[in-house]
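This report covers chain layout, strand pairing, domains and chain contacts. The structure comes first.

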Amino acid sequence: MTKMLLSTTAVLIGLAGAASAQCAIEGDGSVRILANDFQALHAVVSRAATCAGEGVEVTTNETTEHKDIQVAALSTSPAAYTIAVVANGSLVPLLNEGLVQPMDDLVAKYGQNLQDSQLIRVDGKIMAIAFMANSQMLHYRADLLDQNGIAVPATYEDVIAAAKTLEEKGVMKTPLYASFKPGWDLGEEFINMYMGSGEPFFEDGTAKPAIDNDAGVAALEMMKALKDNMGPDVMTYNSNEAQPYWENSEVAIMTGWGSRTAAFIDENGATPEIAKETKIAAMPSWGGHDIPATTLWWDGFALAKNISDEDAAASFQAMMYALSPDLVADPETAGLAAWLVNGYTPTPASEGVFANMKAGAKPYPMTPYMGMLHTALGDNLAEFMQGQETAEKALEDTVAAYTTAATEAGFIK
Amino acid sequence: MARPTNAQPLPLMVLSLGFIALWLIAAAFPFVWTAWGSFKVEPDFFSRSDWTNAITGVQTIRQTGSAFTGAGYEGAWLEQEFWKSVINTAIVTLCVTVISLTFGTLGGYALARSGYRYTFWILIAALIFRAMPHVTLVSGYLLPFFELGIWGYLPTTIIVLVAINQPFTLWMLHSFFLSIPKDLDESAMVDGCTRFQAFRLAVIPVMWPGVVTTGLFSFLLAYNDFTVTSMLLTQENQTMVPKIASFLGSTQAEGKVMYAVAAVVSAIAPLFVLVLFFQRQIVSGLTAGAVKG
Amino acid sequence: MPHKTFLAFILPSLLAMLLFVALPIGSVVYQSLFIEHEQVMTEVETCGPFGCTTERKVDAAAMQELRDAQPAGRFNGLGTYFNSGHLAFDRIGQIWTRSETWGGFFNQVMNLPLYKALIFTLAYTFIVTPCVIVLGFFIALGVNAIPGLIKGPVIFFSLLPMIVTPLIGSLVLYWMIDSRGIIGAGLQALFNNPSLSLKASPTLTWITLFVYGIWHNAPFAFVVFYAGLQGVPQDTMESAMVDGASRWERIRFVTIPYLLPLATFVALMQLMDNFRVFEPIVGFSAEANATSLSYLIYSDLRGADTPLFASAAATSVLTTLGVIVLLTPVLIRTWRDFNRKA
């Protein structure tokens, strides 16, 4: 594992060394990048960093707290950072405050390598450039399903039936795994499930929540049915903990993030025999709908508003260099994520994301008040999941918590 | 410890030693476990199949060929440049401790010696300052700090930590100064010293025990702080704890947990030396008779 | 001490606190009285890698104008404090009229976020604080009695629970108490109950958090008491012995009164710190069964992409008020001491 990581770094440095001559930026300027701190982003950011040279200064700040400092950092004039690396969710606060600028001109001038699907257009203007996709996907143990005559589940009803079969045949006691830890994870699970019903989250044209309905109750009941086939510690399940369960063969079907799949199918990992049999499929649908019950996510970058035109041009060019097809030419880097950049061919680990896309899954909404609903869900569903209150009561609590928050934020009168 | 007051009958001694032994196990075992586990691979240390894997290192042997691996340390220190954070932490903790204690001894001394009523209210205000959750304070800092252009630098973080730590330091040192007899500095002042000279010549020599104990807590606050340092420092200036947090990964991104474990273990070693050194100071200083009821 | 000298001595400390603590607290209190302007929304088409959708979006320019006119937002008075996310008096009123039994009333009130958090916070504070003081005192007595040579290492190891960053401390412990971990499996064997899991039941989760809190905080009390023990007047101790006081009587009538001011100090700090309990909840993934006031603040500020400053500010002010109420007895005592001194 570490050897692999070390060699990745070595390759990255090697690439950077070879490529530094190639990064030619027209004009001078300062490039200041704020990004989250994980490997795939590091690959991008470190390539951009090689653009430093005569007249061009590059500083990067990769930190897990990027989300919490970005608004303050981009509010100053000039902005502390020229580039903010964001995802669907974290772009919203920047849009709300008007802290990012359209990149149409820069895309026309320097964006030859971009594909149309990478452009995030808000009201016709390019406000961000996406370069990675992510979503949850269904992980399953092909060997166990085969041996017990179970087809790959396409719906959550199938998933529960498969779990029951495995339990009855004594293969496993608790064959399912999903991140049900209260907070962001549990909120996300409900949003994914509700997404599969195709119903809207909000009443049309308002910020009033619309989840307090039959679809909401059905989504919760489905989650509860899944939970009944999970271990006793289910309310602490999150994606950090999934792997030990999987590698101990306690779980046969799991919903998990595509960005983490590589570790599960890594045949050099702890349990090659399990990794070999770990297969990926699109997320199941449920309730007779045909939409995968998941949200799609992208990671990309946005350009700060309060910066000089020189800095904007230099920063954009540095990012274009970073996102050129060379980025994914290296198989190690290509394996880090489901890239959206030109020249990328999906790897087994990222297939699930594209399968979800093909099956018609929807992106996580960029609605400004979605985050508040997410928080309210994450904080109010645990009692229902543990059987301490009814689904209706849980949704009522959620709506109350959300309404309080949205009123305070000025979205509801 | 052969003084008659401390001589214990045998059963009591056994009981007392047994209790301490039990406490030591409770206190140190998780750390010993971590230190041992830091030389294993992640599937061993965080194993669900069998916890004894963390002891025997089944996966470690399979993956690296030996029961112990330094991969966590190598990754943290070399690949992730943990040493940079160590240097930053050294700067931050040293400055915070020294400045906290300087401000705190001056202030604490004044509070202990002034008979006016406002000293009480200053102490109460300090308590209220301490009650405010740090995460709220930090959110308030961001915008002004960015506007002033002082965000991300070590001195900013140092002064914030000093300020946050002042209430505690003031309270603790104020109590210690109260226990130093007034006659000590007052007689110095009768001899013609100014208040500051009296403080310097008469009080400073006997105040060390209190200062060392208070310093230990200032040090630990700066050393262990996450809320302030994670929000106010750039990646380059990151101290150890936020750096370790960045090894842990997030919902969507895999972490390098063993790097974090190795980093924590290696961060403890210098403290061992420090505590060994200062416990002598505490004992020798205090028994010199500085603290009286 | 003349006012001028006093000021000269305390100025650096006071200045640091005023600038970096008092000022932000002032702005927090001010902020808690306001809510965001009513958002001006427009409907726009958003396109990306996953196709196009029509979404509502904030009109940043229009909002900027509103903010320029009134930077703090709309004045809301104490509205935020009383809304259903905080004190929720309206909801309590409704519940009161609806519910028939006291039990039902309490159950429903405890379902309100602030009260749910408060009950855990109080339980944690009042269980952990006294245990920490007692445990710390006995450790200090014990360590004080051991030979000098091994004292240093013993002190170091005793400090470990406080030194190891809670970030990792709780992560490692979390795995150790897992039903398959060394402590979890040990407990299963001890209680002969193979399905015992500390993470699964609300009661066990609370107990785990309490035990962790005591374990983590005991070294603090230990160090303070240990330092204090070094100064216990030997002459008093000896005269007590001459008077025929037993070992326990000497502890009871000499050591404890001597350490009492320190115990007050420890209690003061511990009550305050425990009332702000946060890290163990996250570290032990205990959100399903335990939330605290600090957790609510954290969730407001960091949970969503857009922080809810007013709500967090209101909870923070309520937390501070809670701390003041808790500390009142200690403060009254300090006031008496102070007057005696003056």
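**Conventions**

A residue is called buried if 20 or more other C-beta atoms lie within 10 Å of its own, exposed if 12 or fewer, and partly exposed in between, with C-beta atoms placed from the backbone. Helices (H or I, at least four residues) and strands (E, at least two) are DSSP runs, numbered from the N terminus.

This is a predicted model, in which local features need pLDDT of at least 70 and side-chain atom pairs count only at pLDDT 80 or more, while totals for chains, interfaces and linings use all residues. Residues are numbered from 1 along each chain as its sequence is written, and chains are lettered from A and ligands numbered from 1 in the order in which they are written.

**Strand β7 of chain A**

Strand β7 (residues 253-257) of chain A is mostly covered, with 5 of its 5 residues buried. In a regular strand the side chains alternate between the two faces of the sheet. From β7(A), A:Ile253, A:Thr255 and A:Trp257 point one way, while A:Met254 and A:Gly256 point the other way, and all are buried.

Two strands are said to pair if DSSP finds at least two bridges between them. β5(A) and β7(A) run antiparallel and are joined by 5 bridges; within β7(A), A:Thr255 stands opposite A:Leu138. Strand β6 (residues 176-177) of chain A also pairs with β7(A), in the parallel sense and over 2 bridges. There, A:Ile253 in β7(A) is the bridge partner of A:Leu176.

**Domains of chain A**

Domain bounds come from an automatic or database domain assignment. Chain A is divided into domain 1 (2-134 + 296-353) and domain 2 (135-295 + 357-408). The C-alpha centres of these two domains of chain A lie 30 Å apart. Two residues are in contact if their C-beta atoms, placed from the backbone, lie within 7 Å. On that basis, the contact takes 18 residues from domain 1 of chain A and 20 residues from domain 2 of chain A.

On the side of domain 1 of chain A that touches domain 2 of chain A, α4, β5, β9 and α16 (351-358) of chain A each supply at least two residues. The largest share of that side, 5 residues, comes from α4(A). In the classes used here, Ala, Val, Leu, Ile, Met, Phe, Trp, Tyr, Cys and Pro count as nonpolar, Asp, Glu, Lys and Arg as charged, and the others, Gly among them, as polar. The residues of this side of domain 1 of chain A divide into 10 nonpolar, 7 polar and 1 charged.

**Contact of chain A with chain C**

Chain A gives 54 residues to its contact with chain C, and chain C gives 42 residues. Elements that each supply at least two residues of the chain A side include α3 (66-75), α4 (88-96), β4 (119-122) and β5 (125-141) of chain A. By class, the side of chain A that touches chain C has 26 nonpolar, 16 polar and 12 charged residues.

Strand pairing also crosses between these chains: β4(A) pairs with strand β2 (residues 41-48) of chain C in the antiparallel sense over 2 bridges. C:Cys47 in β2(C) is the bridge partner of A:Arg121.

**Chain B**

The secondary structure of chain B comes to 14 helices and 0 strands. Its C-alpha atoms fill a box of roughly 75 × 65 × 30 Å, taken along the principal axes. Of the 293 residues in chain B, 55% are buried. Among contacts in chain B between residues at least 6 apart in sequence, 69% join residues at least 24 apart.

Chain B is divided into domain 1 (36-69) and domain 2 (78-290), and the centres of these domains, taken over C-alpha atoms, are separated by 38 Å. In chain B, 6 residues of domain 1 are in contact with 5 residues of domain 2.

**Contact of chain B with chain C**

The contact takes 85 residues from chain B and 85 residues from chain C. α1(B) gives the most to the side of chain B that touches chain C, with 14 residues. By class, this side of chain B has 61 nonpolar, 19 polar and 5 charged residues.

Helix α9 (residues 154-178) of chain B and helix α12 (residues 247-275) of chain C pack at an angle of about 175°, with their axes 11 Å apart. Axes are lines fitted to C-alpha atoms, for helices over the stretch in contact, and angles run from 0 to 180 degrees between N-to-C directions. Angles under 35 degrees count as roughly parallel, over 145 as roughly antiparallel, 65 to 115 as roughly perpendicular and the rest as oblique. α9(B) and α12(C) are therefore roughly antiparallel to each other. B:Phe168, B:Trp171, B:Met172 and B:Ser175 in α9(B) meet C:Pro261, C:Phe265 and C:Met269 in α12(C). The residues of this helix contact divide into 6 nonpolar, 1 polar and no charged.
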